[in-house]
Amino acid sequence: MCIHDSPCYNNEESPNKKPRVGNANVEGDSSSKMGSTDSTEKAPSPVVPLVLDGGVGHMLRRLGIKIEGKVGSQERFLGVAMANLQQPELVKKTHSAYIQAGARVLTTNNYSCVPRCLKESGSMGREQIQACIHAAGDCAKAAKEESGLQGVQIAGVLPPLGPSYRPDLVPEKEELEQDYAFIAEAIEPYADVLLCETMSLVREGRAAALAASKTGKPVWVAWTLSDEADGTLRSGETIEEAVRSCADIPNIEAMLLNCCSPQSVTVAMPRLRAALPDSVQIGGYANGFVIENAKMVDAYQKDLTPAAYRKIAEGWADSGATMIGGCCGVFPEHIAELASPKCE
Ligand SMILES: [Zn+2]
């Protein structure tokens, strides 16, 4: 579906009820959806996808925070984590830029506020890590309040506990349970929903979703996919296995695909839709990194213009995505393009 060629619906229902790219105000519904197989249950019917924000860490980099080192490594995002405490005005500015671009979901900047990462900064104890997570929540909340807009939601992040894209380094069960409970409890007071993101391994996503679900808030689970664009997670497990692993967890409102190439998201989106009950929303927010030899490198794709990203996202909407945004290397200008109704 190309909305550039479509008539404007002017916020009325689309004739074919298919989602299109633009912006929506989709309210959360925290009831359990994953286990439902009741086809008579009313499915959410947002005509226009909810626009999420873009990459927070990489926007902070644009504002002067250092991101250095191997893509996915923990030390790389240390400066981004510490910005919550040391330069909160930049974190707030990042969130505000995404709201102004049209995003209606703010992702909290605590992706790297995990015990293993913050150890790199010296001897940070649990209390200081908690303070860093709270500071991230404060920044998102301040930007939301300052915007004065209704319908801006804060997604409190439960990130990987080790390096990103490394399913082989996901901690064992006990550490997963302990640290996800700690992070969920710390970010929950600031969050409208909890977002378990960049999950590369089924048992990692399940552990994060379980901890998030225990808070009683709606839960979104976002899986990161292989750069081979073959519909598998980075662990090699399939998207269907990922979906099944969370089937008994209450409060899961959405499943998404994130922090991987747009092409990987495009391939997996129809499979994600087919694997889930209609009552669970799906979405995507991809990276803008250059891929070389099926590996992401630390450079932004020059040809991933806002218009090009929108075109890709329109394909996701055609596959049923009702939540669309960006991850690393996708910026406010891309989000503005997604949020634009393009109605003349
Ligand atoms: Zn990312």
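1. Secondary structure. In this predicted model, the protein comprises eleven helices and ten strands. Of its 344 residues, 53% count as buried. Among contacts with a separation of 6 or more, residues 24 or more positions apart account for 79%.

2. Sheet order. Eight strands form an open sheet, and their order is β1-β10-β7-β6-β5-β4-β3-β2. The pairing within this sheet is parallel. Its edge strands are β1 and β2 (105-107), each of which pairs on one side only. As a general point, the strands of a sheet pair through backbone hydrogen bonds, either parallel or antiparallel.

3. Strand β10 and its partners. Two bridges join β1 to β10, and these strands run parallel. Leu50 has Met323 of β10 as its bridge partner. Strand β7 (residues 281-286) is joined to β10 by four bridges, again with the strands running parallel. Here the bridge partner of Gly284 is Ile324 in β10. As for side-chain direction, Met323 and Gly325 point one way from β10, whereas Ile324 and Gly326 point the other way. All of these residues are buried. In general, the side chains of a regular strand alternate between the two faces of the sheet.

4. Pro49 lies in the segment before β1 (50-51). Is Pro49 buried or exposed? It counts as buried because 28 C-beta neighbours lie inside 10 Å, against a threshold of 20 or more. The C-alpha atom of Pro49 is separated by 7.1 Å from that of Ala321, although the two residues are 272 residues apart along the chain.

5. Strands β4 and β5. Strand β4 (residues 193-199) pairs with strand β5 (residues 219-223) in the parallel sense, over four bridges. Leu194 stands opposite Val219 in β5, and Met199 has Trp223 of β5 as its bridge partner. Strand β5 is mostly covered, with five of its five residues buried. Which residues of β5 lie on each side? Val219, Val221 and Trp223 are on one side, and Trp220 and Ala222 are on the other; both faces are covered.

6. Helices on the sheet. Helix α5 (residues 126-147) lies across β2 and β3 (153-158). The direction of α5 is at about 165° to β3. Helix α11 (residues 332-339) also packs on the sheet, where it touches β1 and β10 (323-326). The direction of α11 makes about 155° with that of β10.

7. The α6 and α7 pair. The axes of helix α6 (residues 173-187) and helix α7 (residues 202-213) come within 9 Å and cross at roughly 45°. The two helices are therefore oblique to each other, and α6 passes α7 in a right-handed crossing. On the α6 side, the contact is made by Leu176, Glu177, Tyr180, Ala181 and Ala184. On the α7 side, the residues are Glu204, Ala207, Ala208, Ala211 and Ala212. How do the residues of the contact of α6 with α7 divide? They comprise eight nonpolar, no polar and two charged residues.

8. Positive phi at Tyr165. Tyr165 has phi near 65°, a positive value in a residue other than glycine. Tyr165 is placed in the loop between β3 and α6.

9. Positive phi at Asn251. Where is Asn251 placed? Asn251 belongs to the loop between α8 (239-245) and β6 (252-258). Its phi is near 75°, which is likewise a positive value in a residue other than glycine. With 23 C-beta neighbours inside 10 Å, Asn251 counts as buried.

Technical notes. Residues are numbered from 1 along each chain as its sequence is written. This is a predicted model: local features need pLDDT of at least 70, side-chain atom pairs count only at pLDDT 80 or more; totals for chains, interfaces and linings use all residues. A residue is buried if 20 or more other C-beta atoms lie within 10 Å of its own, exposed if 12 or fewer, and partly exposed in between; C-beta atoms are placed from the backbone. Two residues are in contact if their C-beta atoms, placed from the backbone, lie within 7 Å. Two strands pair if DSSP finds at least two bridges between them. Axes are lines fitted to C-alpha atoms, for helices over the stretch in contact, and angles run from 0 to 180 degrees between N-to-C directions. Angles under 35 degrees count as roughly parallel, over 145 as roughly antiparallel, 65 to 115 as roughly perpendicular and the rest as oblique. A crossing is left-handed if the near helix is turned anticlockwise from the far one by less than a right angle, and right-handed if clockwise. Ala, Val, Leu, Ile, Met, Phe, Trp, Tyr, Cys and Pro count as nonpolar, Asp, Glu, Lys and Arg as charged, and the others, Gly among them, as polar.
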